[in-house]
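Trainee: Could we go through the labels used for this model one at a time, and set each against the rule behind it?

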Amino acid sequence: MNRVLYYHQQSNFSRKIRILLAEKNLDYELKEINLKNKPPEFLEISPIGRVPVFVEQDGTVIWDSTLIAEYLDETYPQPSFYPSNSLARLECRKWEELADTLGEKIISLWILNLTNNLDKTGYRTKVETLINRLLPIFDQQLAQSKYLLGDGTWTAADIAALCSLGYYSLRLNEDWHSQYHNLRNWFNKLHERESVKSTVPMPLN
Ligand SMILES: N[C@@H](CCC(=O)N[C@@H](CS)C(=O)NCC(=O)O)C(=O)O
């Protein structure tokens, strides 16, 4: 049985896994899901109906990008994207969680824009405030080191963050590059890698 990744080409969470699979040089089949009309085959294996879902060669089903990323790193450790030291690993998971939260808030803001939500409840302001609080936190971290966890190597945290920022550019077209220079330089440098370049989300026709 082939490995399968259920994904959407614009999904930042799916992109995390596509980058990892490419970096680990693993063969797999891509199945794109229409998120507006999810097929029963997909809903059967995804209780929350979200991408990505990964199916391993032995039929093991894994959903949630972070669980998939951790599984892939433990099962196929070369090259590795989580530190082996437990405290460093915790730090990596914290940055990954922050990056994923940024991605979730960007998705929420885009949905609010689509539905022309007028912020009667204050939810839009809350989402925008969090996005604008997180971006400088990432930028300051990258003022101190080449990657989010030091100068050594990129980790799952960098992958999650670049995917959230790629989604920000796609959906909201924010000019974050001119405001956050450390983030911009790190983002551009990571885009020299084929796994990153080949998974940039594209607008739908
Ligand atoms: N925590 C999940 C979030 C996954 C997620 O939100 N996926 C979005 C696409 S980026 C989705 O499938 N949305 C469709 C829906 O919610 O109906 C993960 O890390 O995999």
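This is a predicted model: local features need pLDDT of at least 70, side-chain atom pairs count only at pLDDT 80 or more; totals for chains, interfaces and linings use all residues.

Mentor: Residues are numbered from 1 along each chain as its sequence is written.

Trainee: Why is α1 called roughly parallel to α3?

Mentor: The axes of α1 (residues 12-23) and α3 (residues 65-75) cross at roughly 10° and come within 9 Å. Angles under 35 degrees count as roughly parallel, over 145 as roughly antiparallel, 65 to 115 as roughly perpendicular and the rest as oblique, so α1 and α3 are roughly parallel.

Trainee: Which residues make that contact?

Mentor: With contact taken as C-beta atoms, placed from the backbone, within 7 Å, α1 contributes Phe 13, Lys 16, Ile 17 and Leu 20, and α3 contributes Ser 65, Ile 68, Ala 69 and Leu 72. By class they divide into 6 nonpolar, 1 polar and 1 charged.

Trainee: What makes α1 largely enclosed by the rest of the structure?

Mentor: A residue is buried if 20 or more other C-beta atoms lie within 10 Å of its own, exposed if 12 or fewer, and partly exposed in between. In α1, 11 of the 12 residues are buried, and therefore the helix is largely enclosed. The buried residues pack against β1 (4-7), β3 (53-55), α3, α4 (86-114), α6 (156-172) and α9 (194-197).

Trainee: How many residues does α1 give to the side of domain 1 that touches domain 2?

Mentor: The domain assignment gives domain 1 (4-75) and domain 2 (86-197), and their contact takes 11 residues from domain 1 and 13 residues from domain 2. On the domain 1 side, α1 supplies the largest share, 8 residues.

Trainee: Why does Asn 25 count as exposed, and what is the class of Asp 64?

Mentor: Asn 25, in the loop between α1 and β2 (29-32), has 10 C-beta neighbours inside 10 Å and therefore counts as exposed. Asp 64, in the loop between β4 (61-63) and α3, has 17 other C-beta atoms within 10 Å, so Asp 64 is partly exposed.

Trainee: What is the phi of Asn 25, and what is that of Asp 64?

Mentor: Most residues other than glycine have a negative phi, and most peptide bonds are trans. Asn 25, although not a glycine, has a positive phi of about 60°, and phi of Asp 64 is also positive, near 85°. As for peptide bonds, the one from Val 51 to Pro 52 is cis, with omega near 5°, and the one from Gln 78 to Pro 79 is cis, with omega near -15°.

Notes:
Axes are lines fitted to C-alpha atoms, for helices over the stretch in contact, and angles run from 0 to 180 degrees between N-to-C directions. Helices (H or I, at least four residues) and strands (E, at least two) are DSSP runs, numbered from the N terminus. Two residues are in contact if their C-beta atoms, placed from the backbone, lie within 7 Å. Ala, Val, Leu, Ile, Met, Phe, Trp, Tyr, Cys and Pro count as nonpolar, Asp, Glu, Lys and Arg as charged, and the others, Gly among them, as polar. Domain bounds come from an automatic or database domain assignment.
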